[in-house]
Each structure stands twice: as C-alpha cells, then as structure tokens.
Amino acid sequence: MIYFDTNATTPLCDAARNAWLDASAHRWGNPSAGYGLAAKAKAGLNHSRERLGRLLQVDAESIVFCSGATEASNIWLRAFFEKKEEGQKLLVSKLDHSCVVETCEKLGKDAVCWFEPSSSTSVSDQLEHAYSEIPSIAGVVMMAANNVTGELFDWKGAAAWCGRKGIPFFCDTTQWIGKLPTDDFKELDYFCGSAHKFGGPKGVGFLKLSRKFKSAPGQTGGGQEGGVRAGTEATANIAAMVEALDFYSVSFSSENEIDLRQSWKKRFKEKLSDSIPEVVFHERSDQTLWNTVCLSLPGKPSGWWVERLDRLGFAVAAGAACSTGHTGVPRVMEAMGVDASVASRNLRFSAGWDTTNQNWDGLLGAILHLVAQMQAPSSSSESEVISIEDL
C-alpha cells in the first residue's frame, strides 16, 4: 500500500515506538503520586516538557499536555468564551478545522465573527478592516496550514497584528508541525499540535499557553497540568511524541529537502493537468504544504476514486475524515464557495517524508488508468484488477 493520507494520520516512527516502550517499562508510575516510582515518572514528564519547549523554542512551563489538537482548541475556546467580557467578539477563520468551527458555533453563538483569510490581501490589512468595523474584537483564531487544501496562512502576520493590538491570537499549527520549520513559533502566544500527525502515537498532543491565559479547565477532576487539564498524564505517549518531533525536525525539515519535495508535487500536478484538462485544483495560491494536493477529478464522486485507487494500492482521502460539511462535502469546500457538484468529487493526496517521486508517478499512473477505464467501451470490465507493477 502506497500511503497518501498523512494529513489524516501517520504511522508510528521507530524513534517514537522505542521511546514509548522505554517509558512504559521504566516510568509507568502516576507522576502525581508521592513515592519514588512516581517521582521517576514525574522526572520523565518534566524532561519531555523541557525537550518539547526547546524544540518549539518556547517556555516549557507554558506547555499543557492533552489528548490532541481537538481538545487543545476546545480548552482555549472554552476559556475565551467563559472569561470574555460582555459584548466582546472572537474573530475566527471560517477555513479552520471543524474542531474550531463547530466549537465556536456551539459555544460562541452571537460572540463569533467569521472571516475568510484572503489569498490576495495581507492578513494584517484584513484584520485591521475587521477591527475598524467591529472594535469589540477581543480575540483572533486562524490556523497555520489547512488540513484539506494544504494552504498556508500568514500566521506570523496575524500574530504581529494581534500583538500590536494587545489581542490574544490562537493558532492551530497541527498540520504545520512535522512538515515545516517551527523556528518562529516563539512569536505565538497560543498554539496546539497532535502527535499522530508527525509520527507519534494517537491520543496525545499539547497546548501552548501565554502567561496571560485566563484559565478555564478543559476537563475537571484533578489539578494536573497546572489546573488547566485534569487527568493523569500519558507519560509514555508524551515521551513518544517528543521523540517523534525531534526525529522529524532534525532529519527532514531542511529548506533543500522541502524544495525538492515541492518540485515532485509540482511535477505531478503538471502531468495530471496535461493528461486530464478537466481536473480542478483547489488552491487559492501557490503557498501550500509540500505534501498536499487537493483536487476534483472528472466523472465520478470521491468515494468511487477512493475505492478504486485503494484496489490499485493507493490510500487517498475524500477531503478530510473529520471535516465533512452540512452538504456532505468537506467543510472548507463549502467555505471557499466551491460548487457542490465539483466538491463532491474532491480528493486529497497528502504525502509523507518517506513518499518518493516514484510514488507520485505511480499515483499518476493509477489515476490515468482509471480515467482510461471510464472512457473504455461499456463492454469493458470495470472490475478488472491490476497491480501497481502493471502501471
């Protein structure tokens, strides 16, 4: 199986697996207890927090461990809505992940204002315009990289504007981390990540908070994580997450490596466009993740393509598993105003660090084979099975 769905999840890397096994064997105690075994677990937890702080270039004490970016964003949003003053508004990108959009729709009600980050206007100008019309804006939320389209947003510009205004800015950096450098994350007061997006285990992530954060516990029941997130910390998962991020940060995310992989993606798109003029790429600009191609292919709905590409040995996604909109198409497609008939044929290909240029060529060959199959006389057997080697 050639895996093209890393924006959904990634396999556990060897470094993370080894770290998990070591922590599970030697530091499995409850870090909140008072005896020696617990102290060993607590020391391991503190070490993981310090290492993550160094990797992200932030204060280790500002990191809250939790189950992932969905919980992290919920913690921050719940705190904002509970602590905001009467009349204050939260400005939220309508292109954000469902864990943000749906939480705001449920908790924010009339306290949320929506905007669509422009691909042609600077985010600072856009935020300034929104602020001139709604001076009660007291917080801004915008993701760093879109999970469906791969679009990169100017989170540094948003952070700078919010800093000048003294307004909190929360950034979901889940799809950025593990794919692009995090050197400038120190400019962010609030951001989050999920381990399973960069080679770590599922069920663990983090929330980075500013000292200015007015705490409202994400889940109650204990005083763990500075009172922000109750529950016994998953020390082995946390150790594995940090090891995975360290591995990918050191091993792959250099500028030359990223440029090379961008060139593979560009070549794939050009060849696909030359062969299938009807293909629609869902990109508002060329500022996208090196690993992500979001498009609509002709003739058949998304599910048809996913099923048949799977038969040919390629795992791809119909948008994002966790972000289906009200019409049954990816929510971001709705927000971008993509026609429903086009959006219903949406596919997302998201490569990993172990994806090769030959894998992109193989995916191209599989797509062209299926197009030829669709165009063949009706007497042709649509159930014909071929192998990757035949492409």
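Is G44 buried or exposed? In this predicted model, G44 is buried, with a relative accessible area of 15%, a value that falls under the 20% limit used for that class.

G44 is found in helix α2, which is made up of residues 36–56. G44 and G87 are 43 residues apart in sequence, and their C-alpha atoms are 44 Å apart in space.

The loop between α2 and β2 (63–66) contains Q57, whose phi is near 60°, a positive value in a residue other than glycine. As background, most residues other than glycine have a negative phi. With a relative accessibility of 37%, Q57 counts as partly exposed.

## Helix α1 and its buried face

Helix α1 covers residues 14–26 and has 13 residues; from its first C-alpha to its last it reaches 18 Å, which is close to the 18 Å expected at 1.5 Å a residue. The buried residues of this helix are A16, A19 and A23. Seen down the axis of α1, these buried residues fall within an arc of 65°, so they line one face of the helix.

## The loop between α4 and β4

Two residues of the loop between α4 (98–107) and β4 (112–115) can be described together, namely A111 and K109. A111 counts as buried, at 7% relative accessibility, whereas K109, at 66% relative accessibility, counts as exposed. The phi of K109 is near 50°, again a positive value in a residue other than glycine.

When residues up to four places away in sequence are not counted, A111 touches F81, K84, Q88, K89 and L90. The C-alpha atoms of A111 and A351 are separated by 38 Å, and the two residues lie 240 residues apart along the chain.

## Cysteines

How many disulfides does the structure hold? The structure holds zero disulfides. C99 is in no disulfide, and the nearest cysteine sulfur to its own, that of C192, is 6.6 Å away. C192 is likewise in no disulfide, the nearest cysteine sulfur being that of C99 at 6.6 Å. For a pair to count as a disulfide, the sulfur atoms would have to be within 2.5 Å. C99 is buried, with a relative accessible area of 9%, and C192 is also buried, with a relative accessible area of 0%.

## The three-stranded sheet

An open sheet of three strands has the order β9-β10-β12, and its pairing is antiparallel. The edges are formed by β9 (280–281) and β12 (346–350), each of which has a single partner strand, so one side of each is left without a neighbour in the sheet. Strand β10, residues 292–296, pairs with β9 in the antiparallel sense over two bridges, and within that pairing L295 of β10 is the bridge partner of F281. Helix α8, residues 255–275, packs on the sheet and touches β9, β10 and β12, with its direction making about 15° with that of β10.

On the other pairing, β10 and β12 are joined in the antiparallel sense over five bridges, and S296 stands opposite N346 in β12. Five of the five residues of β12 are buried, so this strand is largely enclosed by the rest of the structure. From β12, N346, R348 and S350 point one way and L347 and F349 point the other way, and all are buried.

## Helix α12 and what covers it

Helix α12 comprises residues 357–375, has 19 residues and reaches 27 Å from its first C-alpha to its last, close to the 27 Å expected at 1.5 Å a residue. Its buried residues are N357, N359, W360, G362, L363, L364, A366, I367, H369, L370, V371 and Q373.

Which elements cover the buried residues of α12? The covering elements include β1 (2–3), α8, β10, α9 (302–311), β11 (314–315) and β12. Among them, β10 and β12 belong to the open sheet already described, and α8 is the helix that packs on that sheet.

Terms used:
Residues are numbered from 1 along each chain as its sequence is written. This is a predicted model: local features need pLDDT of at least 70, side-chain atom pairs count only at pLDDT 80 or more; totals for chains, interfaces and linings use all residues. Side-chain values use heavy atoms; hydrogens and water are left out. Helices (H or I, at least four residues) and strands (E, at least two) are DSSP runs, numbered from the N terminus. The expected span of a helix is 1.5 Å times one less than its number of residues. Buried means under 20% relative accessible area, exposed over 50%, partly exposed in between (1.4 Å probe, protein chains only). The arc is that of the directions from the helix axis to the C-beta atoms. Contact means heavy atoms within 4.5 Å. Two strands pair if DSSP finds at least two bridges between them. Axes are lines fitted to C-alpha atoms, for helices over the stretch in contact, and angles run from 0 to 180 degrees between N-to-C directions.
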